[in-house]
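Opening the notebook on a new model today.

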Amino acid sequence: MPSNLLAHHLRVLEAAGLLTRTRSEGDRRRSYLRLQLETLDRLLPPPIATTPRVVFVCTANSARSQLAVALWQRASQVPAASAGTHPAARIHPGAVAAAARHGCGSRRCRRAG
């Protein structure tokens with residue numbers, strides 16, 4: 001990486017508070033960079049509160065929300081349900097086929113692992 005590009009990115013990180021720069025005590029020509037870990041800590045999302053249930057909602061409740069529930073159940077112990085603002089009469093056959101290709105049944109997806 002060219003030194004001018006590196007210097008630019010270091011200035012951006014310094015302006016954002018992720019780096020601090022100090023000069024050497026001897027001749028003050030050298031710069032020392034220090035990563036500010038406390039700034040990185042502030043970038044983390046707050047802890048998620050315990051959720052008793054998750055609901056995935058799409059318009060027809062015939063594909064996306066159904067697949068989202070199946071995927072969620074592979075990754076979490078938290079119960080999930082699907083819903084729709086204008087529910088269809090049935091789950092779309094393409095969604096059923098996609099779920100079957102990935103080892104998910106019509107009601108519940110088998111746990112990975």
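This is a predicted model: local features need pLDDT of at least 70, side-chain atom pairs count only at pLDDT 80 or more; totals for chains, interfaces and linings use all residues.

**Entry 1: Q36 and its surroundings**

I started with Q36, and leaving out residues up to four places away in sequence, I find it touching G17, L18, L19 and T20.

Where does Q36 lie? I placed Q36 in the loop between β2 (31–35) and α2 (37–43).

Is Q36 buried or exposed? Its relative accessibility is 16%, and the cut-off for buried is under 20%, so I log Q36 as buried.

I also looked up its side chain: Q36 and E38 are joined there by a polar contact of 3.0 Å.

**Entry 2: helix α1 and what comes just after**

Next I went to α1, which covers residues 3–15 and includes A15. I checked the helix for length: 13 residues at 1.5 Å each should span 18 Å, and the end C-alpha atoms of α1 are 18 Å apart, which agrees.

A15 has a relative accessible area of 71%, so I put it down as exposed. I then took a distance from A15 to E38: the two are 23 residues apart along the chain, and their C-alpha atoms are separated by 15 Å.

Just after α1 I noted G17, with a positive phi of about 85 degrees. G17 is also one of the residues that Q36 touches.

**Entry 3: positive phi elsewhere**

I kept going with backbone angles. Which phi does R28 have? I read a value near 60 degrees, positive in a residue other than glycine. R28 is in the loop between β1 (19–23) and β2, and at 53% relative accessibility I count R28 as exposed.

N61 is another entry of this kind: its phi is near 55 degrees, again a positive value in a residue other than glycine. I find N61 in the loop between β3 and α3. With a relative accessible area of 16%, N61 is buried.

One more for the list is G103, which sits just after α4 and takes a positive phi of about 75 degrees.

**Entry 4: helix α3**

Same length check here. The 12 residues of α3 (residues 64–75) should span 16 Å at 1.5 Å a residue, and I get 17 Å between the end C-alpha atoms, which agrees.

Which residues of α3 are buried? I wrote down S65, V69, A70 and Q73. They cover an arc of only 145 degrees around the axis, so they are on the same side of α3.

What covers the buried residues of α3? The cover includes β3 (54–58) and β4 (80–84).

**Entry 5: helix α4**

I repeated the exercise on α4 (residues 93–101), where the buried residues are A95, A98 and A99. Their arc around the axis is only 100 degrees, which puts them on the same side of α4. On the other side of α4, A100 and R101 are exposed.

I also looked up the cover for the buried residues of α4, and it includes α3.

**Entry 6: the whole chain**

Stepping back, I counted 4 helices and 4 strands in the protein. Along the sequence, the pattern reads α-β-β-α-β-α-β-α. The radius of gyration is 25 Å, well over the 13 Å that the globule rule gives for 113 residues, so the protein is more spread out than a compact globule.

How far does the C-alpha trace span along its principal axes? I have about 75 × 35 × 35 Å.

For burial overall, I noted that 19% of the 113 residues count as buried. The protein exposes about 8,900 Å², and carbon and sulfur atoms supply 59% of that.

Conventions: Residues are numbered from 1 along each chain as its sequence is written. Side-chain values use heavy atoms; hydrogens and water are left out. Helices (H or I, at least four residues) and strands (E, at least two) are DSSP runs, numbered from the N terminus. Buried means under 20% relative accessible area, exposed over 50%, partly exposed in between (1.4 Å probe, protein chains only). A polar contact is a pair of N or O atoms within 3.5 Å; within protein, one must be able to donate a hydrogen and the other to accept it, and residues adjacent in sequence count only if both atoms are side-chain atoms. Contact means heavy atoms within 4.5 Å. The expected span of a helix is 1.5 Å times one less than its number of residues. The arc is that of the directions from the helix axis to the C-beta atoms. The radius of gyration is taken over C-alpha atoms; the globule rule is 2.2 Å times the number of residues to the power 0.38. Accessible areas come from the Shrake-Rupley method with a 1.4 Å probe; for residues, only the protein chains shown count as cover.
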